[in-house]
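Please consult the sequence and structure shown here while reading the points below.

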Amino acid sequence: MKERLVLIGNGMAGIRTLEELFKLDPDKYDITVFGAEPHPNYNRILLSPVLAGEKAFDEIVLNSREWYEENGITLRTGSPVMRIDRVGRRVITADGGEAGYDRLLIATGSTPFIIPVPGAELEGVIGFRDIKDVELMLAAARQYRRALVIGGGLLGLEAANGLIKQGMDVTVVHLMESLMERQLDQTASALLKSSLEADGMKFRMEAQTAAILGEGRVNGVRFADGSELDADLVVMAVGIRPSITLAREAGIYCERGIVVNDTMQSFDPRVYAVGECVQHRGQCYGLVAPLFEQAKVCANHLAELGYGRYTGSVTSTKLKVTGIDLFSAGNFMGDDSTEEILFQDPAGGVYKKLVLKDNRIAGAVLYGETIDGAWYFQLMRSGTDVSEIRDKLLFGQHHLGDSGHGGQNQASGMSDEAQVCDCNGVCKGDIVKAITGKGLFTVDDVKAHTKAGASCGSCIGLVEQILGSTLGSDYSVPEAKPLCKCTDFTHDQVKQAIREQALTSVRAVFDKIEWRTPDGCHVCRPAINYYLLAAWPEQAEDDPQSRFINERVHGNIQKDGSFSVIPRIWGGRTTPDELRAIADAAEKFDVGEVHFTGGQRINMLGVKKQDLPAIWAFLAERGMVSGHAYGKALRTVKSCVGSEWCRFGTQDSTGLGIRLEELTWGSWMPHKFKMAVSGCPRNCAEATIKDFGVVCIDSGYELHIGGNGGVKVRATDVLCRVTSEEEVLEYAAAFTQLYREDANYLERTAPWLERVGLNFIKERLVDDPERRRALYDRFLVSQQRSQEDPWAARGKGEQAHEFKPLKQIGV
Amino acid sequence: MSEVSKDNWVQVGRLEDIPRLGSRVVESAAGELALFRTSDDQLFALLNRCPHKRGPLADGIVHGHRVTCPLHNWVLELENGEVVAPDVGCAPSYPVRLDGDVVYLSLEPAAGCSEKSAA
Ligand code: SRM
Ligand SMILES: Cc1cc2nc3c(=O)[nH]c(=O)nc-3n(C[C@H](O)[C@H](O)[C@H](O)COP(=O)(O)OP(=O)(O)OC[C@H]3O[C@@H](n4cnc5c(N)ncnc54)[C@H](O)[C@@H]3O)c2cc1C
Ligand code: SF4
Ligand code: FES
């Protein structure tokens, strides 16, 4: 018999938990849901637009009754649970019904706090929490004229806005001197107040409600200073209290909320809790994003997978009042340890404040122009070092001169025909249609359904913006992204597990940290295989089947399924013998085209897979090795002619380029890795857009890191200057090793550097010679196994099955 | 020994010739066929031509009973050649039989995906 799961609370967090559970294990439980409200689960967030007349009730239903039926859920609406009998493991409802459970999930949400003043129980005094409240407000608006909203926070202002839209005369009473003081600083708050006033909202600030007046129905309010105001409707929006009476009476430990651990279990391990009724690490949450994260973890444990952990959330706020753009997140007030950067344009109604701590965003308030909110929020959550972009930060992401994100700021203003994804030719209209038509919520969904952002990825920022502007506050930027769909673990967690548990094969990783799929997928397998090689260069088993075809067969696959052959040309300097070898190979194997590459090498294109071992053997015999132009590996070291020939050359840049390439060739990397050495600051080898670049100067060498060309060009940062070639080599190897150990798979040095910050790298390489030396040594160890020429080996017959057809029949 | 039996089964090799989670190509008059071996040692064969832009499926990464095309990452079901949603299309699939460790392949495509839709 199946285990029985009972859910108390048919709301947003509880039902999301069931949805997450169904993704993992749809048949595990017999499920019964009890809901106090007479409706199926609806989107509580959108009550404000319903009140404002912008949406109808059936537009906000999230799960229809058919959904419950299809998933075999017994649904009891209008049936509040009155008692939990933990000894008998059953719940008992108000009408005497009951249901037994093996596991219980409490998601009772919260209730509006009603200030206990005389008259609070009068008719016409309500909170703003559910459909019933909205119906009462709509009825009052038809019959009466004067409304009073107590509480100038998010909820109060949304209620007041809705009531004005319904034609009422509304005054907001607020205890504090500024509105939304928990989300806004005074400047933003003042801007907000004046634009709400322009819409007809009235305010009574710093006013304390002393009594509600009336007989039967409310007709006014008296304040602490003795003054009075007439009112036919009073909406209390002064805060919420977690609904914990039920749990507390059942002896489940509660403080402000039901106390749960990181797996969303209460003190009774059979009893789980999620949502606003919960207190986790001392925090109660009142926004959906954290509740959805809780739901995911809870589902993971209900499915007995046992690896999800909820560790708390950072939240951001938006106000859903049409025509007002407002965003707030984090520590927006700042303190002694923070700095702020401000932008103020009172005439244009724009105000932006960013609070920085240690060069990272700690909080933000945006008013009037919030389009970059999601971006700041992401920078804040990921703890990105912003010192490099600090002076441009306030102007937004589109000001970074990044072609890929160029259209970002116009996301909401873009026409439907505007192309968002240049790789796959996807327009904004297609994306919006997919989001609304197919109910998409995440960038991954959009990628899968429209292909936007699925290729070069440079339009992802724009896709996020479109998601944000289409879904409104339903969309939250996910925090740490899991490595792929096969797991909830992030890149960092996987790397950590590999190191700490000494895992040395892909299979061991899947077994030890519970992958959802039997063999992973094309995203995670190559990543894991790389992490294994990087962590355990001497022990790890390289798994060819976990490598992309290019690395598996050591050539670059072309659009027609043929391959390209690019031999290594050390430092970009070649000889007549090498050129002759290439020419002979090209003729002998009748290659389709010979092409000089952008990296100072020569490419023979159009080689059939079966011919690869032979052409490689031919080249090997003439002294040439693989150029690794196909790999997430050291690619090329470009050089210019330098002091040997050039009248400006200061050092032997060609010689140094060759030495660098001899040191680093063959090394596997998180992404491709390129170097260059220029003989003087004229920089003919373009060293300042390479992962590691050297610019020779009269006094020695200037070392550069973190550059690339490509979609998003990034010039390097200067690491330091040194005086000898030996030091250049040591720095190059140490930098390479740090990148190999720290970066995520498919993260090139430029985005990696921007994520960890230049200081992180300087501290380890420049300030700490011992650490640099240790990195250098580890690099040499890992090179011992990588510097065997894969082409020569295959020319001699290794992995022959990769290249030969199994059989030819009738051809 | 005749290579092709009456019912069109052809002996193509042994199980160990194909690496686990790997693939080998069989060249036939009907074109290249890709023979896959999954981690649970099952064998499947598809026309070696992705319905998207003719990518060589045998060069893809095999995972579960699926393969990811090397050119643009479409994912196909090995059992029937159907492309996994949200992409659409299919590659013809061919019956494979294992007798002991000898692999037999049928050159008669299984019903379901017509050549035309795969082209
Ligand atoms: C062969 C070559 C073009 C050429 O004929 O010149 C080339 C060809 C490809 N480049 Fe490149 N890139 C080549 C030099 C460059 C350069 C110039 C350089 O190396 O100095 C750049 C800009 C510098 C840089 O990398 O920062 C360059 C930036 C890219 C990028 C963008 C990288 C980025 O970080 O944004 C990609 C896309 C990627 O790697 O994801 C890319 C991807 C590709 C791929 C591998 C696309 C693919 O996956 O199939 C192309 C393979 C084509 C093929 O048929 O083999 N190629 N590519 C060049 C080989 C260089 C070599 O000798 O090894
Ligand atoms: C007007 C409004 C606007 C909002 N706007 C936003 C916003 O813009 N962004 C945002 O992130 N969040 C917003 N929120 C907050 C968000 O709606 C809540 O955080 C979320 O709904 C909480 O989910 P929950 O499941 O914990 O509680 P709920 O969704 O309230 O669900 C709890 C359910 O349990 C039921 N219940 C309680 N006790 C019992 C019992 N004993 N037996 C059976 N059933 C019981 C309740 O009736 C309720 O249906 C808004 C809320 C409101 C009211
Ligand atoms: S720029 Fe690079 S990736 Fe683009 S077509 Fe040319 S070689 Fe291919
Ligand atoms: S050819 Fe297979 S995905 Fe494009």
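A polar contact is a pair of N or O atoms within 3.5 Å. An oxygen atom of ligand 1 and a polar backbone atom of Gly598(A) form such a pair, 2.5 Å apart. The model is predicted, and the points below are grouped by topic.

**Surroundings of ligand 1**

- Another oxygen contact of ligand 1 involves the backbone of Gly709(A), where an N or O atom lies at 2.5 Å.
- The side chain of Arg748(A) places an N or O atom 2.8 Å from an oxygen atom of ligand 1.
- Two elements of chain A, β30 (593-596) and β32 (634-639), each give two or more residues to the shell around the ligand.
- There are 22 residues around ligand 1, and those that come nearest are Gln558(A), Thr597(A), Gly598(A), Lys674(A) and Gly709(A).
- The shell comprises 13 polar, six charged and three nonpolar residues.

**Nonpolar cores**

- In soluble globular proteins, nonpolar side chains tend to be buried together.
- The largest nonpolar core contains 51 residues, and Val494(A), Trp515(A), Ile528(A), Val565(A), Met604(A) and Ile615(A) have the most contacts inside it.
- Elements that give two or more residues to this core include α13 (491-500), α17 (576-588) and β31 (602-607) of chain A.
- Helix α15(A) supplies the largest share of this core, with eight residues.
- Beyond its neighbours within four places in sequence, Ile615(A) is in contact with residues including Val565(A), Ala585(A), Phe589(A) and Met604(A).
- A separate core has 48 residues, among them Leu5(A), Val33(A), Ile252(A) and Val271(A).

Key: Residues numbered from 1 in each chain as written. Chains lettered and ligands numbered in written order. Predicted model: local features only at pLDDT ≥ 70, side-chain atom pairs only at ≥ 80, totals over all residues. Heavy atoms only, no water. Near = heavy atom within 4 Å. Polar contact = N/O pair within 3.5 Å; in protein donor to acceptor, adjacent residues only side chain to side chain. Helix = DSSP H or I, 4+ residues; strand = E, 2+ residues; numbered from the N terminus. Nonpolar A, V, L, I, M, F, W, Y, C, P; charged D, E, K, R; others polar. Core = buried A, V, L, I, M, F, W, Y, C linked by side-chain atoms within 4.5 Å. Buried < 20%, exposed > 50% of the residue type's maximum accessible area, 1.4 Å probe, protein only. Contact = heavy atoms within 4.5 Å.
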